[in-house]
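Please keep the sequence and the three-dimensional view at hand while reading.

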Amino acid sequence: MGARDEVLLGTLEHIILLAVMRLGSEAYGATIREEIEQRSGRVVSFGAVYVTLQRMEGKGLVTSQLGEPTAERGGRAKRFFQATPDGRKAVRRLQQVVGAMAKGLKEARGTT
Amino acid sequence: MDVDGCWAARVLSAFLREGDGAALLGDLAEEYARRVSEGSRGEAARWYRRELSSSLADVLWLRSVECIRTVPWGVVAAAYIGIGVYEFAVVAFLSRTWPEVAQWTSALRLVIEFPGMVVIAYGAARFRRRAAFVLGVAMLCVAALLNIVTSEPISTAYVIASLVVGPLAAVVGGLLRRAPTTMAATVLAFVMMSGPASAQQPSFAVDVSKTTYGEKSARAPRELDAFAFLIGTWTGTGRTRRPDGTYAEYPVGWVGRYILDGTAIADEGHGVFPDGKPALGISFRQYDTARATWVIEYLNLDASFLRRQVRDGVGSVNVNGKNVTVVSEGPGIAIREHYLVTDQDHWVYRLDQSNDEGKTWNEGAIEFTFRRSQP
């Protein structure tokens, strides 16, 4: 995959993809949302999570599968998400780019 | 807390892929149950409503942004330009073969252009399926905007045709791409049915032998009745105030008739100037229902000028019972013409004149008193 073919991640895509990778096999709407809120303090609606994940699935960055319906969810199934190799690669590449751009920058370290 | 079957669940299901709407509502229910077990039910219910609202807003917003981003704008723009070129070509062709229809504000022209627009929209849909539908929306928006901002007089038929023909052609073109056989059969049936129907439409050819003067048309606007008292032949006495305050008196005549197939009024005045020279003039009066305004023009034969008295935004016609006042302005002059109708056989014309933009008026500068001479 050349530089021009790389999948560019948006900020929300990046955050959600990191949450999916952290949660592993327990990544579904409620846990992804909670993980983001606990770690970043950012509150993301379930609607934004699902639309973003569906878009990322279209790009081949995540895959999903429906689980079994449960009573506590009103008989509705969970949709579990998993990062694909392309998704993990996109995160690594973005981390490299951000790191390279921030290297030596005092403001990026939070010291003004 | 369950929203199954409510409008929120239906919206989420419509804008998310199959299963995601239910999964999202399941996540909400799971989180709601957790919050109920940890705190109060009322607080959890408030959280649920707030979260459902923000999820709906985010889904609608993000889907709208995705939709706009994925529109094939290039194909839409090319198709729109193609339709513009096609319209110019049709107008150029019609101006030689059917001049009455070769007007930009002709509804019939738009109908004639319909099949070509369908072909262009179909071509756009062949490149990108959604292009035809976006083209239809764009045509609808542009037509609505042009109808609002135009200063040209346009008929109701044109307004309707401009809003319907283009967008409909785009939709038909798009559907032709999806279901070519069904749509082709539908369009063919429409053309076959509309053929005999259009043959029954009134011809645009003019038969002047059937033009009747002096009779009001049933198609004439009701407002024209304000000047119906002018119809007929009138004789009487006129008087004009001289600068020294004395009056010059002279015989006057007036002839009023319906013209243009009974949809407008022309009335001519015959008088004498204070210096004894004849004074001849004719007024044309029409009420434009499309623009809801009077159009009155006055041709002065002796002084050789045509004065625009009333038009959209210029001058006014004020009807008070049987009496009418026409207010008009010219370079350095303002005029009030009072038509005071006594009964069906008598009326008075009185003219007030101002030479200082209406600050002072020479009231009754000219006055004609008429009685009916012939019906």
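The model is a predicted one. Chain A has 112 residues, of which 32% are buried. Its secondary structure consists of 4 helices and 2 strands, and along the sequence these follow the pattern α-α-α-β-β-α.

Chain B has 375 residues, and 26% of them count as buried. It contains 8 helices and 11 strands. Of the contacts in chain B with a separation of 6 or more, 48% are between residues 24 or more positions apart.

## Contact between the chains

The contact between the chains involves 17 residues of chain A and 24 residues of chain B. On the side of chain A that touches chain B, H2, H3 and E2 of chain A each supply at least two residues. The largest share of that side, 6 residues, comes from H3(A). Sorted by class, the side of chain A that touches chain B has 7 nonpolar, 5 polar and 5 charged residues.

In soluble globular proteins, nonpolar side chains tend to be buried together. The largest nonpolar core in this model has 36 residues, and the members that touch the most others are A:Leu17, A:Val20, A:Ile32, A:Val49, A:Val62 and B:Leu24. Both chains take part in this core: two or more residues come from each of helix H1 (11-23), helix H2 (29-40), helix H3 (46-58) and strand E2 (76-83) of chain A, and from each of helix H2 (20-38) and helix H3 (41-69) of chain B. Another core, of 29 residues, lies apart from this one and includes B:Ile120, B:Ala121, B:Ala138 and B:Ala170.

A:Val49 belongs to the largest core. Which residues does A:Val49 contact when its neighbours within four places in sequence are left aside? They are A:Ile16, A:Gly29, A:Ile32, A:Arg33 and A:Val44.

## Helix packing in chain A

Two packed helices are described by the angle between their axes and the distance between the axes. For H2(A) and H3(A), the angle is about 110 degrees and the axes are 10 Å apart. This angle makes H2(A) roughly perpendicular to H3(A).

H2(A) contributes A:Gly29, A:Ile32 and A:Arg33 to the contact, while H3(A) contributes A:Phe46, A:Val49 and A:Tyr50. By class, the contact of H2(A) with H3(A) is made up of 4 nonpolar, 1 polar and 1 charged residues.

## Helix packing in chain B

How do H2(B) and H3(B) cross, and within what distance do their axes come? The crossing angle is roughly 155 degrees, and the axes come within 9 Å. H2(B) and H3(B) are therefore roughly antiparallel to each other, since angles over 145 degrees count as roughly antiparallel. Their crossing is right-handed.

From H2(B), the residues that meet H3(B) are B:Leu24, B:Leu28, B:Tyr32, B:Arg35 and B:Val36. Their partners in H3(B) are B:Arg41, B:Ala44, B:Trp47, B:Tyr48, B:Glu51, B:Leu52 and B:Ser55. The contact of H2(B) with H3(B) has 8 nonpolar, 1 polar and 3 charged residues. One of the residues from H2(B), B:Leu24, is also listed among the members of the largest core that touch the most others.

## Loop residues in chain B

B:Lys216 is in the loop between helix H8 (180-199) and strand E1 (232-241) of chain B. It is partly exposed, with 17 other C-beta atoms within 10 Å. Not counting residues up to four places away in sequence, B:Lys216 touches B:Tyr258 and B:Gly262. The C-alpha atoms of B:Lys216 and B:Ile265 are separated by 8.9 Å, and these residues are 49 residues apart along the chain.

Positive phi values are found at B:Ala292, near 55 degrees, and at B:Glu357, about 60 degrees. B:Ala292 lies in the loop between strand E4 (278-288) and strand E5 (293-300) of chain B, whereas B:Glu357 lies in the loop between strand E10 (346-354) and strand E11 (362-374) of chain B. Is B:Ala292 buried or exposed? B:Ala292 is exposed, because 10 other C-beta atoms lie within 10 Å and 12 or fewer count as exposed. B:Glu357 is exposed, with 10 other C-beta atoms within 10 Å.

Definitions and conventions: Residues are numbered from 1 along each chain as its sequence is written. Chains are lettered from A and ligands numbered from 1 in the order in which they are written. This is a predicted model: local features need pLDDT of at least 70, side-chain atom pairs count only at pLDDT 80 or more; totals for chains, interfaces and linings use all residues. A nonpolar core is a set of buried Ala, Val, Leu, Ile, Met, Phe, Trp, Tyr and Cys residues joined through C-beta atoms within 7 Å. A residue is buried if 20 or more other C-beta atoms lie within 10 Å of its own, exposed if 12 or fewer, and partly exposed in between; C-beta atoms are placed from the backbone. Two residues are in contact if their C-beta atoms, placed from the backbone, lie within 7 Å. Ala, Val, Leu, Ile, Met, Phe, Trp, Tyr, Cys and Pro count as nonpolar, Asp, Glu, Lys and Arg as charged, and the others, Gly among them, as polar. Axes are lines fitted to C-alpha atoms, for helices over the stretch in contact, and angles run from 0 to 180 degrees between N-to-C directions. Angles under 35 degrees count as roughly parallel, over 145 as roughly antiparallel, 65 to 115 as roughly perpendicular and the rest as oblique. A crossing is left-handed if the near helix is turned anticlockwise from the far one by less than a right angle, and right-handed if clockwise.
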